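Me: Hi! Could you walk me through this structure?
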Amino acid sequence: MTLSNDPDAHMRGPNLPLAASLHDYVQSVLKTDLQLRLLEDGEKLPLYLKQQFELVQGSYADRPLIFAVEQGVGSSAPSALRKYLAQIERLLGKPVILVQSSMTGFQRAAHIEAGQPFIVPGKQLFMPQLGIVLTERFSRKAIRQLDTLTPAAQLTLFTLLTGADHQEATPSQLAKGLGYTAMSMGRAIAELAILGLVEAKRQGREKRVRLAGQKQEIWENAQAFLVSPVRSSHLVRWLCPPPRLNLGGLSALAAHSDLMDAGLQTFAIDGLHWAVFKSDGAVESVATDYEAHAQLDVWHYSPARIEQEDHSFLLSIYAQFKDDPDERVSLAAQSLTEGLWA
């Protein structure tokens, strides 16, 4: 990150220590030469905004930015802060990043859910529009490398790719349909936005989420980040007649492709059902295929919720087997996606 510098513009004001810590924080963690200068066109702002924030300016990849360093102890409600920051952005025509000396867990979650960029020097940096997310207590391990999607983000992407009713949806619609909390959905959307797979734009009072490009392009860009939906697998013997379950694993792949499945029948369930099966004494785990009646794949999300609605279930099976070392299996997985983006 390179920020412009004017040697005649001296950092001053009651929050000079916080602005200085912002400088040191970004420079040390991102290993960049960071320079700041006071805002030159602050006269465009009403007095109450000048009293609320110390404004410093710079640029990222030739993109001008405003860092709004909040005065005082940061006690303003997140919703009120976002209104102030939106007004500054509107008046100055530049993206605005909130800077606070401290932030509660509630405030942090509210800003992340709303997609509001912020920096707490020494603790956290959240700038999803610029592809940067750092977590608390940082060290090198604190830099969150988005090598793979979280299950919630992956399922949200699959829904946007294949759900007829979700081509442009609100976060609340997505959360309700997929069984996530608003906070979890906000994090999933932020994660997808960081990777450039979706974009979230406000229309009136509602935020709308949509793919950041054509389906085929987004699908190709997402390949390196896909993860298996399976969090654990168990060989089991039924101790009572099982309920109807969704096929999973190779059984599901064989049911939707030309692959021959001669192995143990596999079913996909979520963690809640696995816990119920164990607590009710419906199954017992065994050590070998010879002893087992079936294999249960426990998914990170509910296969039953998505199996009937759209192709998210098949895309999940694809993600499980796309890199299988058995070429017959990986080719069968590839066939699940044929024609989806036509």
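Reply: Happy to. This is a predicted model. Let's start on helix H6, where Ser172 and Lys176 are exposed.

Me: And which residues of H6 are buried?
Reply: Those are Leu174, Ala175 and Leu178. Looking down the axis of H6, the buried residues fall within an arc of 100°, so they line one face of the helix. Ser172 and Lys176 sit on the other side.

Me: What covers the buried residues of H6?
Reply: The cover includes H5, strand E8 (168-169), H7, E10 and helix H11 (303-307).

Me: OK, new topic. How many residues are in the largest nonpolar core?
Reply: It has 45 residues, and among those with the most contacts inside it are Leu157, Trp219, Leu253 and Ile317. Several helices each supply at least two residues of this core, including H5 (151-162), H6 (171-178) and H12 (312-321), and so does strand E10 (206-211).

Me: What is Leu253 in contact with, leaving aside neighbours within four places in sequence?
Reply: Its partners are Leu259, Ile317, Phe321, Val329, Ala332, Ala333 and Leu336. There is also a second, separate core of 19 residues, which includes Phe53, Leu92, Leu98 and Ala190.

Me: Last one: is His111 buried or exposed?
Reply: His111 is buried, at a relative accessible area of 0%. This residue is found in helix H4 (residues 105-114). Leaving aside neighbours within four places in sequence, His111 has contacts that include Pro78, Arg82, Leu98, Gln116 and Phe126.

Technical notes: Residues are numbered from 1 along each chain as its sequence is written. This is a predicted model: local features need pLDDT of at least 70, side-chain atom pairs count only at pLDDT 80 or more; totals for chains, interfaces and linings use all residues. Side-chain values use heavy atoms; hydrogens and water are left out. A nonpolar core is a set of buried Ala, Val, Leu, Ile, Met, Phe, Trp, Tyr and Cys residues joined through side-chain atoms within 4.5 Å. Buried means under 20% relative accessible area, exposed over 50%, partly exposed in between (1.4 Å probe, protein chains only). Helices (H or I, at least four residues) and strands (E, at least two) are DSSP runs, numbered from the N terminus. Contact means heavy atoms within 4.5 Å. The arc is that of the directions from the helix axis to the C-beta atoms.
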